[in-house]
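Please keep the sequence and the three-dimensional view at hand while reading.

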Amino acid sequence: MSSNVRPATMERITTPALAESFIDQQLAELRQQIGDKKVLLALSGGVDSSVVAALLIKAIGKQLICVHVNHGLLRKGEPEQVIEVFQNQMDANLIYVDAVDRFLDKLAGISDPEQKRKIIGKEFIDVFAEEAQKLEGISFLAQGTIYPDILESDGIKSHHNVGGLPEDLQFELVEPVKLLYKDEVRVVGKALGLPDNMVYRQPFPGPGLGVRCIGAITRDRLEAVRESDAILREEFAKNGLEGKVWQYFTVVPDIKSTGIIDGKRSFDWPVIIRAVNTVDAVTAEVAQLDFGMMQHIVDRITHEVSGVNRVLWDLTPKPTGTIEWE
Ligand SMILES: Nc1ncnc2c1ncn2[C@@H]1O[C@H](COP(=O)(O)OP(=O)(O)OP(=O)(O)O)[C@@H](O)[C@H]1O
């Protein structure tokens, strides 16, 4: 599939049967394009790259090499899930790179959000390029480009998901879902047998939890973000809100306040909760939630997350607040 224009006749993939026929067609095309050559894929565990991985594993098995970079800014359980699903269940060729120290050392003391984003982006390219250079005989780079990425880049040149790779690492691209919209990618992912929490995953910023640990990232505060986020996601799932509320997450700012924990004075961080609905991410409204559930989440976070004595709920729509804090 080389054209970057979605044919007007292409039916929207909304059912398992349509997904199966897309998958069959793609498997044939991928085998034809790739032959017996090798393909490299940066696998984040997000829905786009996961669907591309699952398709390629079906099409070419061990000729696909997936690289998953744990930069320390992933949500709780994500790196483990990538290993479980792709290595253990699908028997993929998976390179797991533990780059946690490398990223967090580079980010130490950096409080400017733009600089944090730049460091995370550059470090990711460096780590991925280093892994690619260790490998031999790679001909293709697979990417989870989807149709909105192409539309955003004017449909002229393909949007480079892993942009900025060095010149000597310019592979031919394999982009099997580039003509699909996000909802279609999810239907295809489900048909490929990916777990629901991967297929219906809420949007997650590229720099991960790094932009929710406000200001200069420290390991203990990052852990408070990760643990509180896990509790929030667990409670939303229990209450049937997964896939219903568009985006919900926690933020931990670099300030402390006085509180009382177990009868003793504490001086700890607050956790800020943000839960919003949007159609186009241009504007967003705060999700209206059951107050009892909100109180239960506050109770769990203040009792289970170390270093936290308070929870604040962000009730600001966009505008004036953006969805993320940084
Ligand atoms: N931690 C990671 N390890 C390996 N690859 C990654 C990682 N983070 C991002 N990538 C790669 O960079 C691409 C763009 O990342 P971005 O965070 O913008 O996600 P995305 O476009 O929503 O795609 P996805 O749904 O696959 O995460 C991903 O599709 C993936 O190929």
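Which domains does the domain assignment of the protein chain give? The assignment lists domain 1, covering 16-199, and domain 2, covering 208-313. The model is a predicted one. The points below take up the domains, the sheet, the surroundings of the ligand, and some individual residues.

**Domains and their contact**

- The centres of domain 1 and domain 2, taken over C-alpha atoms, are separated by 29 Å.
- Where the two domains touch, domain 1 contributes 13 residues and domain 2 contributes twelve residues.
- On the side of domain 1 that touches domain 2, the elements that give two or more residues are helix H4 (100-107) and helix H5 (113-134).
- Helix H5 gives the most to this side of domain 1, namely three residues.
- By class, this side of domain 1 consists of seven nonpolar, three polar and three charged residues.

**The five-stranded sheet**

- An open sheet is formed by five strands in the order S3-S2-S1-S4-S5, and the pairing is parallel.
- Strand S3 (93-98) and strand S5 (172-174) stand at the edges; each has a single partner strand, so one side of each is left without a neighbour in the sheet.
- On average, neighbouring strands of this sheet are turned by 30 degrees against each other, direction ignored.
- In general, the strands of a sheet pair through backbone hydrogen bonds, in either a parallel or an antiparallel manner.
- Strand S1 (residues 38-42) pairs with S4 in the parallel sense, over four bridges.
- Within strand S4, Ala-142 is the residue that Leu-41 stands opposite.
- Strands S4 and S5 run parallel and are joined by three bridges.
- Ala-142 also has Val-174 of S5 standing opposite.
- Helix H5 lies across S1, S2, S3 and S4, and runs at about 145 degrees to S2.

**Surroundings of the ligand**

- The ligand is surrounded by 15 residues, of which the closest are Ala-42, Ser-44, Gly-46, Asp-48 and Ser-49.
- Helix H2 (47-60) and strand S2 (64-70) each supply at least two residues of this shell.
- Six residues of the shell are nonpolar, eight are polar and one is charged.

**An exposed loop residue**

- Glu-136 is located in the loop between H5 and strand S4 (138-142).
- Is Glu-136 buried or exposed? Glu-136 is exposed, because its count of 6 other C-beta atoms within 10 Å falls in the range of 12 or fewer that defines an exposed residue.
- The C-alpha atom of Glu-136 is separated by 42 Å from that of Trp-246, a residue 110 positions away along the chain.

**Backbone geometry**

- As a general rule, most residues other than glycine have a negative phi, and most peptide bonds are trans.
- Asp-262 is not a glycine, although its phi is positive, at about 50 degrees.
- The loop between strand S7 (257-261) and strand S8 (264-277) holds Asp-262.
- Asp-262 is exposed, with 6 other C-beta atoms within 10 Å.
- Ala-281 likewise is not a glycine, and has a positive phi of about 65 degrees.
- The loop between S8 and strand S9 (285-286) is the place of Ala-281.
- The peptide bond from Lys-318 to Pro-319 is cis, and its omega is near -15 degrees.
- Pro-319 is found in the segment that follows strand S10 (308-313).
- The peptide bond from Pro-319 to Thr-320 is also cis, with omega near 20 degrees.
- Thr-320, too, lies in the segment after S10.

Note on methods. Residues are numbered from 1 along each chain as its sequence is written. This is a predicted model: local features need pLDDT of at least 70, side-chain atom pairs count only at pLDDT 80 or more; totals for chains, interfaces and linings use all residues. A residue is near a molecule or strand if its C-beta atom, placed from the backbone, lies within 6 Å of it. Ala, Val, Leu, Ile, Met, Phe, Trp, Tyr, Cys and Pro count as nonpolar, Asp, Glu, Lys and Arg as charged, and the others, Gly among them, as polar. Domain bounds come from an automatic or database domain assignment. Two residues are in contact if their C-beta atoms, placed from the backbone, lie within 7 Å. A residue is buried if 20 or more other C-beta atoms lie within 10 Å of its own, exposed if 12 or fewer, and partly exposed in between; C-beta atoms are placed from the backbone. Two strands pair if DSSP finds at least two bridges between them. Axes are lines fitted to C-alpha atoms, for helices over the stretch in contact, and angles run from 0 to 180 degrees between N-to-C directions.
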